[in-house]
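Okay, everyone, let's get going.

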Amino acid sequence: MRRRFRRLGGPGNAAIAAVTALALCSGMWLLHDGAGTPAPPQPSAAQARSGTAGHRTAAPALPPSPPSRVRIPAIGVDAPLTGLGLTSTGSLDVPPADRENLAGWYEAGTTPGETGTAIIAGHVDNADGPAVFYSLGALRKGARIEVARRDGGTAVFTVDAVEVYDARHFPDEKVYGAAPRPELRVITCGGGYSRTTGYRGNVVVYAHLTGGR
Amino acid sequence: MRRTARLLSGTALAVATAGLFAAPAYAGESRGTPDGTLEVYPSSVAPGAQVTANTAGCGDGGTAAGDATAVGAGRFTLTASAHERDLIGGFQVPPSAQPGTYEIVATCDGSGRRVAGDLKVTLTPDAEQVVPRGSVKTGVGGALGPDPVRTAAGVSALAVAAAGGTWLLHRRARGDGI
């Protein structure tokens, strides 16, 4: 009996070794690749709004023109813009999630460069991984945001603050409210993540027009 | 300065009525420029407002002669824009313009093709600009840590590997040949 077992044990050992190696490799691959990227960066308290301190003079407003692209050199963003409307609940709609390098602007609102508050939004991630505004939370005060416009010009904005808000206490007026000078908001998801409810809020970048060409 | 009225919303209505300030409201603007039309942006304005007009109806290159005399803004020229095949130009609606809908036309130089679009002039903004509210759903967590199903599969696979390894070591210790 023992001899038979040993004779059969030869190929058995090889099979077990193969299965073991395969399981080890696939297990490591699943766990390693699954760990993916770290959570998107979130702004620190130092990037919050600080009254009027550090505000540079705003550039004169540009005539209205729909935007075509947004560029944020500090975090490597260069993305086309699509028009966004509102959802049935009145919240800002979002660009299609399957195109990770696509951002959107609120086309019933102010155009970037015009006096008022222009709004740009994009995904922090989609099902496949990081998306256009993954690094938005890492942006710092003073960074430059460029919006290329359909009239051939470019509106250049300077970041005033980067804040993160919980969705339950979203400051609508502060984010979307009117402004007496040309301003821009860039919005993406952030503020922690829950498996059941998704991202808890939004990262919001506040910027104002400081140049145009 | 002219367009600040829109931002001051309600309080600016009286001023806007006086025609000193432009307060365009253009909710639901359509995008894109289908061939053969002149896109006027904003399509609804108050007297005194700056308006841009663009078209993809003239083909590549060249210029087009714009005509906004209907609204009293005279002629203007459309030239190549940053966008392929798009010609763009602009004019100012006179502060004295009367409310109504005006046809703005442009004629392509070369082909002579005529494209047109409507501009609506209102004394007061159509409605206060609709502003979004609430948070924005711009992420699903795909950039984050492991998917639980995937993690479970990985852990199971490692458990199988551990069991296999243990069995092999066990056999070796018993001298079962390995």
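Quick definition before the strands: two strands pair if DSSP finds at least two bridges between them, and strands are DSSP runs of E with at least two residues, helices runs of H or I with at least four, numbered from the N terminus. Housekeeping: this is a predicted model, so local features need pLDDT of at least 70 and side-chain atom pairs count only at pLDDT 80 or more, while totals for chains, interfaces and linings use all residues. Residues are numbered from 1 along each chain as its sequence is written, and chains are lettered from A and ligands numbered from 1 in the order in which they are written.

Chain A, then. Strand 7 (144-149) and strand 8 (154-166) of chain A run antiparallel, with 5 bridges between them. A:Ala148, for one, has A:Thr154 in strand 8 as its bridge partner. Zoom out, and 8 strands of chain A close into a barrel, order 1-2-3-4-9-10-8-7, with mixed pairing.

Now, how many residues of chain B are in contact with chain A? That's 54, against 71 residues of chain A, where contact is C-beta atoms, placed from the backbone, within 7 Å. On the chain B side, helix 1 (4-7), strand 3 (50-55), strand 6 (87-92) and helix 3 (148-173) each give two or more residues. Helix 3 of chain B has the largest share, 13 residues.

Last one, also in chain B: B:Tyr41 and B:Pro42 are joined by a cis peptide bond, omega about -10°. B:Pro42 sits in the loop between strand 1 (39-41) and strand 2 (44-45) of chain B.

Conventions:
Contact = placed C-beta atoms within 7 Å.
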